[in-house]
2 protein chains.
Amino acid sequence: MSTRPPTRPALSEAQFTLIGKALADPRRMALLETISGGRECPCARLGSMFAVSKATISHHMKELVTAGLVESRREGQYVNYCVRRDTLQAYTAELLRRAGGKG
Amino acid sequence: MSTRPPTRPALSEAQFTLIGKALADPRRMALLETISGGRECPCARLGSMFAVSKATISHHMKELVTAGLVESRREGQYVNYCVRRDTLQAYTAELLRRAGGKG
DNA sequence: TTGGTGGTTCGATAGTTATACAACTGTTTG
DNA sequence: CAAACAGTTGTATAACTATCGAACCACCAA
């Protein structure tokens with residue numbers, strides 16, 4: 001048929017669920033949004049913006065990285081994060097594919 | 001500029017979170033997907049497809065309805081559900097708007 | 001009415017998770 | 001080396017939630 005094959009490989013069920021869970025938490029969503037705002041975002045700054053412990057920040061960032069929504073890169077003492085927009089787009093596409101129906 | 005203003009009102013923070021949580025559960029996602037498949041789906045059928053109690057089905061459907069992802073309509077003895085694609089699309093749009101960045 | 005079927009609500013339980021503190025690793029600077 | 005700073009990990013706890021059985025409500029048919 002004519003439905004062009006997706007350019008990206010479809011998300012696995014496991015990753016789809018991971019992403020869903022990662023996005024479901026308001027705090028994590030806020031972190032993601034903050035990271036998305038700037039070009040790169042050191043973890044330290046995040047801690048100062050949200051009144052939570054650095055352990056919690058680290059935990060949330062780990063979830064986001066595991067879900068593939070964020071990439072981390074160590075820069076000396078610091079860790080910089082950036083959003084993986086491809087993953088985010090793959091997720092929304094998959095979401096619409098699954099529940100968006102045929103129109 | 002030329003980006004047409006959204007036809008839909010933006011999702012409130014509360015609803016955005018509700019939707020996120022609703023979509024995060026694999027079972028609920030499966031239910032949503034099933035509903036999306038057919039035109040209308042009576043609750044009874046759902047119960048027979050997923051090996052869970054009807055109480056659990058009811059609970060999940062309530063979550064989906066509360067999130068605005070699904071609409072329920074009583075049809076005599078039965079309750080039919082249909083997916084609110086507008087909500088789903090509003091969610092994905094908001095997601096990309098928040099975290100999709102300017103890329 | 002009585003019964004039967006479809007769905008909801010209640011109460012309890014088990015599993016998950018967000019959070020913090022403390023201890024630890026890694027890095028830079030004296 | 002030691003000290004200071006950035007992040008991670010371990011442990012514990014509190015809050016949340018998915019799940020079920022049972023009781024209940026809504027509708028339909030005798």
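This is a predicted model: local features need pLDDT of at least 70, side-chain atom pairs count only at pLDDT 80 or more; totals for chains, interfaces and linings use all residues.
Local features need pLDDT of at least 70, side-chain atom pairs count only at pLDDT 80 or more, and totals for chains, interfaces and linings use all residues. Residues are numbered from 1 along each chain as its sequence is written, while chains are lettered from A and ligands numbered from 1 in the order in which they are written.

**View 1. Chain A meets chain B.** The contact takes 19 residues from chain A and 20 residues from chain B (in contact: C-beta atoms, placed from the backbone, within 7 Å). On chain A, helix 1 (13–24), helix 2 (26–37) and helix 5 (85–99) each supply at least two residues to this side (helices are DSSP runs of H or I, at least four residues; strands are runs of E, at least two; both are numbered from the N terminus). Helix 5 of chain A has the largest share, 7 residues.

**View 2. The surface near DNA strand C.** Helix 4 of chain B gives the most, with 6 residues.

**View 3. The surface near DNA strand D.** Two or more residues each come from helix 3 (43–49), helix 4 and strand 3 (78–83) of chain A, and from helix 4 of chain B. Helix 4 of chain A gives the most, with 6 residues.

Definitions and conventions:
Two residues are in contact if their C-beta atoms, placed from the backbone, lie within 7 Å. A residue is near a molecule or strand if its C-beta atom, placed from the backbone, lies within 6 Å of it.
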